[in-house]
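Reader: I would like to go through this model term by term, asking in each case how the label was reached. Could you take me through it?

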Amino acid sequence: MNRITQKLQEDKKILSIYFSAGYPNLNDTVQIIQDLEKNGVDLIEIGLPFSDPLADGPTIQASSTQALKNGMTTQILFDQLKNIRESVKIPLIIMGYFNPMLQYGVEAFCKKCAEIGIDGLIIPDLPVDVYADEYKAIFQKYGLINVFLITPQTSDERIRFIDSVSNGFIYMVSSASVTGSQSGFGNTQESYFERISNMNLKNPQIIGFGISNKETFNQATKFAKGAIIGSAFIKHLSEKGSGKIEEFVGEIR
Amino acid sequence: MNFNVNEKGYYGEFGGAYIPEMLYPNVEELRENYLKITSEPDFKAEFDQLLKDYVGRPSPLYFAKRLSEKYNTKIYLKREDLNHTGAHKVNNTIGQILVAKRLGKKRIIAETGAGQHGVATATVCALMGLECIVYMGEIDIARQAPNVARMKMLGAEVRPALSGSRTLKDATNEAIRDWINNPVDTHYIIGSAIGPHPYPDMVTRFQSVISEEIKWQLKEKEGRENPDYVVACIGGGSNAAGTYYHFLHEPEVGIIAVEAAGKGVDSGFSAATSKLGKVGVIHGCKTLLMQTPDGQITEPYSISAGLDYPGVGPMHAHLAQTGRGEFFSVTDDDAMNAGLQLTKLEGIIPAIESAHAFAVLDQKKFKPTDIVVISLSGRGDKDLDNYIDYFKL
């Protein structure tokens, strides 16, 4: 069974952390993953840096740009992760924009992920329709879970369609925004969380965008299986370096 | 072969809508409605009336006698430079603001490179009384100061794009992020024939008035609707798309596209996408794209802010791939000299973007009997500082 599916069956709220691979330093990737697991993180999203991250706010953009300046490439990331399964057990997802995957070759990319022990992908600018028509078979061949986003503006009909194409979890974007721009949730978000929760979807939901601390994590996981922290963790890395991960995760849980 | 968009939003393998889910409702709303709205009689009437009385259309098709003598062929200029606001861009902004109004949008955003599209957007927002925010690369703000001042005077807020190369590509990123953050009340007026479907087709349709007029104007002057060649400069490709549109399926009409070679195609400072690009995804569409082997989008370069874009509209990528379009690249130096030559021979100062199209006359030999229509997409007022610097005037 895919590690993501297995993890989602555990009776606990999932804490997922996103970071940009190659940031703050090119070779921090493996250490960061190991430290996150050691401190009780359930799932990790490894960001494959891109020059033009359309759905990201300034914090993730800046970390992505810095990672590219540090020399990060798709091949280097794969090389860094080559032996990751010798030390890390929790599910690992690569999150990145479509163009670098297209250049690597979508099938070659998926094959490499499977070899390394990557469990899933999140590709914000690969729409579910195109995936279903052109790429689903490849992902399935390599046992990869593809995770799709929904937002407060996504229609119920489309959510049902996304649920039918998904086989891991649904990434529930908390509000109409790019990453890192919200702090705290109001009534609008809570009613949206509740609406989705009441749809009884086949896939569990994990909420992302706007989760930055214990309070927002608890608020989000009242309605969903888990929550994802990205920009807040990257801010922590940029302020404290990669050696103080325990401090960050400890404050969430 | 079909050179228009198909029902799935593709031109051959190019196009589509590669957008984050956050943009899906906005783009889908537009896709479902744009053809319906633009084919309604009251839309057409309002669009045509504004093009006539406000923009000043039809724009003249001018026989350039002295230029024709110099190159021993028959050259006509399609005078988009005479439009209100000084370029072809306003054809599209008029169309899109009328669509936005019918969709009930209250707030308009746009990206701009040279500032022509920003000015054209700010203009129609003033005309319709809508809030307007224009994203513009910090570098472009510096090199196109008069247009920045015009936008501000028209009531638009000009927000600098500070990321990446701080030019058109980054301004587009910022506009897309704004749209993600404002999904309900905002319409994004894309200025070029790029972006997710239906944008390339919608922009092309609004700009197609250029080739529609060329047909009847040429018929009046030469007794035939079809020239032997149509020539246009290409950045994203909106003036080119409009200039080619009604000739795409007329095989006797040669389609010539002129890209910015910058300091030379292989110099590392270029924007010649058809030569340097590979298939990729940028700003919501699959097209030819300048990028590293690793799929990172590279920084283009051109002296002309309007051509300084690492991709090209999907329609043009298809024209390049199929060979329907003949693609040339013109250096900064050749473009500047062509601009000065047009000024001296015809008394017309072209925008540096448009000047690129004229430099093709030194690269391709036309027959004396050929009729060549060149799109003079914009006037050079905004580029005076650049001309002065370059020629030490």
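Author: Leaving aside neighbours within four places in sequence, B:Lys89 is in contact with B:Gln116, B:His117, B:Ala120 and B:Gly191, where contact is a matter of two C-beta atoms, placed from the backbone, lying within 7 Å. This is a predicted model, in which local features need pLDDT of at least 70 and side-chain atom pairs count only at pLDDT 80 or more, while totals for chains, interfaces and linings use all residues. Residues are numbered from 1 along each chain as its sequence is written, and chains are lettered from A and ligands numbered from 1 in the order in which they are written.

Reader: Why is B:Lys89 counted as buried?

Author: A residue is buried if 20 or more other C-beta atoms lie within 10 Å of its own, exposed if 12 or fewer, and partly exposed in between. B:Lys89 has 32 C-beta neighbours inside 10 Å, and therefore counts as buried. An unreviewed UniProt entry places the feature "modified residue: N6-(pyridoxal phosphate)lysine" at B:Lys89; such annotations, given in the numbering used here and with shortened feature names, may be inferred rather than shown by experiment.

Reader: Which helix holds B:Lys89, and what makes that helix largely enclosed?

Author: B:Lys89 lies in helix 4 of chain B, helices being DSSP runs of H or I with at least four residues and strands runs of E with at least two, numbered from the N terminus. Twelve of the 14 residues of helix 4 of chain B are buried, so this helix is largely enclosed by the rest of the structure. Among the buried residues are B:Asn91, B:Ile94, B:Ile97 and B:Leu98.

Reader: How do you know that the length of helix 4 of chain B is close to the expected one?

Author: The expected span of a helix is 1.5 Å times one less than its number of residues. Helix 4 of chain B, covering residues 89-102, reaches 21 Å from its first C-alpha to its last, which is close to the expected 20 Å. After this helix comes B:Gly104, with a positive phi near 75 degrees.

Reader: Into which domains is chain B divided, and how many residues does each give to the contact between them?

Author: Chain B is divided into domain 1 (25-50 + 89-203) and domain 2 (57-87 + 208-391), with bounds that come from an automatic or database domain assignment. Their centres, taken over C-alpha atoms, are separated by 22 Å, and the contact takes 30 residues from domain 1 of chain B and 30 residues from domain 2 of chain B. Helix 4 and helix 5 (116-128) are among the elements that each supply at least two residues of the side of domain 1 that touches domain 2.

Reader: What makes a set of residues a nonpolar core, and why is the largest one said to lie between the domains of chain B?

Author: A nonpolar core is a set of buried Ala, Val, Leu, Ile, Met, Phe, Trp, Tyr and Cys residues joined through C-beta atoms within 7 Å. The largest has 205 residues, and those with the most contacts inside it include A:Ile93, A:Tyr171, B:Val231, B:Val258 and B:Val360. Domain 1 and domain 2 of chain B both give residues to this core, so it lies between them. Leaving aside neighbours within four places in sequence, B:Val360 is in contact with B:Val231, B:Ile256, B:Val258, B:Phe328 and B:Val330.

Reader: How many residues does each chain bring to the contact between chain A and chain B?

Author: The contact takes 31 residues from chain A and 25 residues from chain B. Helix 5 of chain A gives the most to the side of chain A that touches chain B, with six residues.

Reader: Where are cis peptide bonds found?

Author: One joins A:Tyr23 and A:Pro24, with omega about 0 degrees, and A:Pro24 lies in the loop between strand 1 (14-20) and helix 2 (29-38) of chain A. Another joins B:His197 and B:Pro198, with omega about 15 degrees.
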